Amino acid sequence: MRKKITASIIGTGSYLPAKVLTNKDLESMVDTSDEWITTRTGIKERHIAGDDEYTSDMAAKAAMQALQSAGKKPSSIDLIIVATITPDMLFPSTACFVQDKIGAKNAACFDIGAACSGYIYAIEIAKRLVETGSHNTILVIAAEKLSAITDWTDRNTCVLFGDGAGACVISGEESGKPRILCTYTGADSSAAELLMMPGGGTRFPASMQTVEKKLHFLKMAGREVFKNAVLSMYRAAERIMKKSDIKIDEIKCFLPHQANIRIIDAVAKKIGISKEKVYLNVQKFGNMSAATVAVGLDEVFKDWDLKPGDKILVDAFGAGFTFGSLVIEW
Ligand code: ACO
């Protein structure tokens, strides 16, 4: 009988574009203030990709770092999954562009669209594939160029988002590296219209009218999304605690999606996790959709004082609405 495998994260990486856009910079672009953005969201600055820097470029840079930290060659990867809502193009998949950029010639490639929960969805798929033995080494990437779908004249949304990428290598080998103990994913699509980019798909193909109506930009009903975010992230955390039979007190680090500091505070309070266990990067990166927890996981692995056996709870929510969570053991 085949030995039971538990998937491990054998390497992580991240990439943030060089340009930093501060709240002060935004004051000269729209009617806003550093004070409003800081108190309402916790964000101070975000990174913005260059005009000729694409989602696949950021993804490839994060991927190369993850491969280096895993001690793996690109040719050893048998699948690349990219989680993104800002692909280079509708097709081919961004994963295919990444394959070419990093030289992972033996990999199959696909993208998944689950918005801010995309990295968790992708890790869940990768975990299952290595645990069934069908794949050995999978590169999971989350990369977003949200600046390309942001209306820079709309103060309700343009202060919230940033660009970036994070990646990890998932393997079924016994490595002594962090193990993915449990995953949970879900969705509630009854209010999907509260957060979307309507244009460019088959419902509103690109035309003069869709451009004039600004349908190629992200649209969000902030206040309603806020309420859904708290409930969905609470639900994802609660479900995975039950599924894994792990108590919240056993969690050493809580890594939530970083859309707004007030959402994070509300979720942490509801699930009963103390502030010093909450990892935060919203102040320096804003909301990078799927890339948020991907960059966060790389930072937690590198900077958090983790000991063998410590458990990390990852929790995200995004357009759809999708939600999901992971428990990782260091
Ligand atoms: N600067 C100054 N004033 C502003 C700004 C701004 N940037 N943006 C909005 N305002 C104003 C509004 O016009 C409003 O003015 P009014 O009272 O005169 O109408 C006032 O501030 C309050 O607006 P609210 O929308 O009630 O502000 P709120 O406290 O809800 O904060 C925010 C807005 C930050 C968007 C919040 O609702 C939020 O974070 N929502 C959730 C976002 C989120 O989680 N997104 C997740 C997923 S993203 C993805 O999947 C890609």
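Begin by colouring the chain as its two parts, domain 1 (8-176) and domain 2 (180-329), with bounds that come from an automatic or database domain assignment. This is a predicted model, in which local features need pLDDT of at least 70, side-chain atom pairs count only at pLDDT 80 or more, and totals for chains, interfaces and linings use all residues. Residues are numbered from 1 along each chain as its sequence is written, and side-chain values use heavy atoms, leaving out hydrogens and water.

Next, view the two domains together. Their C-alpha centres are 14 Å apart. Contact (heavy atoms within 4.5 Å) links 49 residues of domain 1 with 49 residues of domain 2. The buried area, meaning accessible area (1.4 Å probe) lost by two parts on being put together and summed over both, is about 3800 Å², and carbon and sulfur atoms give 64% of it. On the domain 1 side, select Cys116, Ile120 and Ile149, which lose the most area to domain 2 and together make up 18% of what that side buries.

Finally, display the polar contacts (pairs of N or O atoms within 3.5 Å). A polar side-chain atom of threonine 32 lies 2.7 Å from a ligand nitrogen atom, and a backbone N or O atom of arginine 155 lies 2.9 Å from a ligand nitrogen atom. At arginine 262, a side-chain N or O atom is 3.0 Å from a ligand oxygen atom.

How values were computed
Polar contact = N/O pair within 3.5 Å; in protein donor to acceptor, adjacent residues only side chain to side chain.
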